[in-house]
Amino acid sequence: MTQYTDKIKEIANRVLTEGKVEMVIGFRKGSVPMMNQPHLATCAKSVDELVWDSSCGLNLANYITDKKGSIGVIAKGCDSRNIVTHIIENKIKRDQLYIIGVPCNGMIDHHKINAMFDTEVQNVEDSGDSITISGSGFSETMSKQELLAENCAVCTHRNPVEYDELVGDLVEEQKDVDQYASVTKVESLSADDKFNYFEDLLSPCIRCYACRNACPLCYCPTCFVDESTPQWVGKSQDPTDVKTFHLLRAYHCAGRCTDCGACERVCPMGIKIREFTKKLNKDCQDLYGWEAGLSLDERPPLDSFRTDDPDEFIK
């Protein structure tokens with residue numbers, strides 16, 4: 001990953017020096033292992049903090065919404081797809097952006113790795129195809145493929161779809177993966193079993209809203225959970241309020257989600273939040289042949305109308 005980091009720094013320095021952008025949004029090392037932080041670089045000193053490795057899982061499209069001026073942004077495949085969505089939804093203009101594309105082989109799952117060890121993980125070294133995990137009294141090297149986040153393991157758009165410059169060669173896209181295996185499994189359950197499944201899934205939720213805050217699609221000035229006139233949903237840990245929040249947030253992402261996994265990555269309780277959005281992604285693909293953020297020239301199915309739109313769902 002050193003090669004990518006060096007190239008990112010070189011490009012960031014160049015576009016800042018040439019005045020093409022006023023800032024470059026990327027990543028720097030986080031305060032804990034496997035949790036790199038978004039970083040806004042505006043000069044050579046801050047550019048030197050930029051890094052790239054398998055812990056850059058947050059979606060940087062979240063940080064360009066409604067920005068003024070010219071912006072450089074580091075973008076892997078899912079980031080670039082959300083940037084396309086922001087442009088389509090008029091949250092940013094394409095000519096404001098200098099997109100530095102990063103072909104991606106996936107990000108590691110810190111929840112999975114932390115669960116593997118009884119003692120605290122203190123350091124993680126990324127060697128490309130392998131990851132070395134170490135702490136007090138232990139060190140273990142494992143294949144990166146075994147440690148991938150679930151969304152990365154089934155990702156079929158690892159290369160940026162929109163960019164001005166690439167930091168490396170395009171990677172081979174995955175083809176023989178079932179993106180919706182978990183959705184199909186839930187679809188096969190009875191109505192009662194589905195209800196129990198989602199009730200168990202959401203039972204650990206503490207309503208911290210980390211999933212909402214990390215999601216690049218959640219940019220409403222006032223979220224529906226924060227409205228008081230009217231109050232759409234209660235503030236308590238009542239199971240109905242918890243389910244209402246997650247279900248409504250998921251529907252707000254329908255036809256827009258790129259399965260970037262930012263929601264699951266930041267959840268302190270390790271909840272598989274993607275189970276909601278993956279179902280909606282599958283429906284959009286089955287009904288409309290639609291995947292979010294692949295083209296600047298097409299609008300999502302839920303904000304456009306065609307006379308040949310399917311209507312079999314109408315009873």
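This is a predicted model: local features need pLDDT of at least 70, side-chain atom pairs count only at pLDDT 80 or more; totals for chains, interfaces and linings use all residues.
Residues are numbered from 1 along each chain as its sequence is written. Local features need pLDDT of at least 70 and side-chain atom pairs count only at pLDDT 80 or more, while totals for chains, interfaces and linings use all residues; side-chain values use heavy atoms, with hydrogens and water left out.

**The cores**

Begin by selecting V24, W52, I64, I74, I83 and L97, which touch the most other members of the 39-residue largest nonpolar core. Such a core is a set of buried Ala, Val, Leu, Ile, Met, Phe, Trp, Tyr and Cys residues joined through side-chain atoms within 4.5 Å; buried means under 20% relative accessible area, exposed over 50% and partly exposed in between (1.4 Å probe, protein chains only). Next, colour α1 (2-17), β1 (23-28), β3 (71-75), α3 (77-88) and β4 (97-101), the elements that give two or more residues to this core. Helices (H or I, at least four residues) and strands (E, at least two) are DSSP runs numbered from the N terminus. The most, 6 residues, comes from α1.

Centre on I74: beyond its neighbours within four places in sequence, I74 is in contact (heavy atoms within 4.5 Å) with I8, V24, I25, G26, W52, L60, D79, I100 and V102. Another core, of 19 residues, lies apart from this one and includes L202, C205, V225 and L280.

**The helix pair**

L280 also belongs to the contact between α9 and α11, where H246, L247, A250 and Y251 in α9 meet F276, T277 and L280 in α11. Select α9 (residues 239-252) and α11 (residues 274-288): they pack at an angle of about 35°, with axes 9 Å apart. Axes are lines fitted to C-alpha atoms, for helices over the stretch in contact, and angles run from 0 to 180 degrees between N-to-C directions.

**The sheet**

Now display the open sheet of 3 strands, ordered β5-β6-β7 with antiparallel pairing. Two strands pair if DSSP finds at least two bridges between them. β5 (121-126) and β7 (138-143) are the edge strands, each with a single partner, so one side of each has no neighbour in the sheet. β5 pairs with β6 (residues 130-135) over 5 bridges; select V124 and its bridge partner in β6, I133.

**A buried valine**

Finish at V186 in helix α6 (residues 181-187). V186 counts as buried because its relative accessibility is 11%. Leaving aside neighbours within four places in sequence, V186 is in contact with K194, Y197, F198 and E275.
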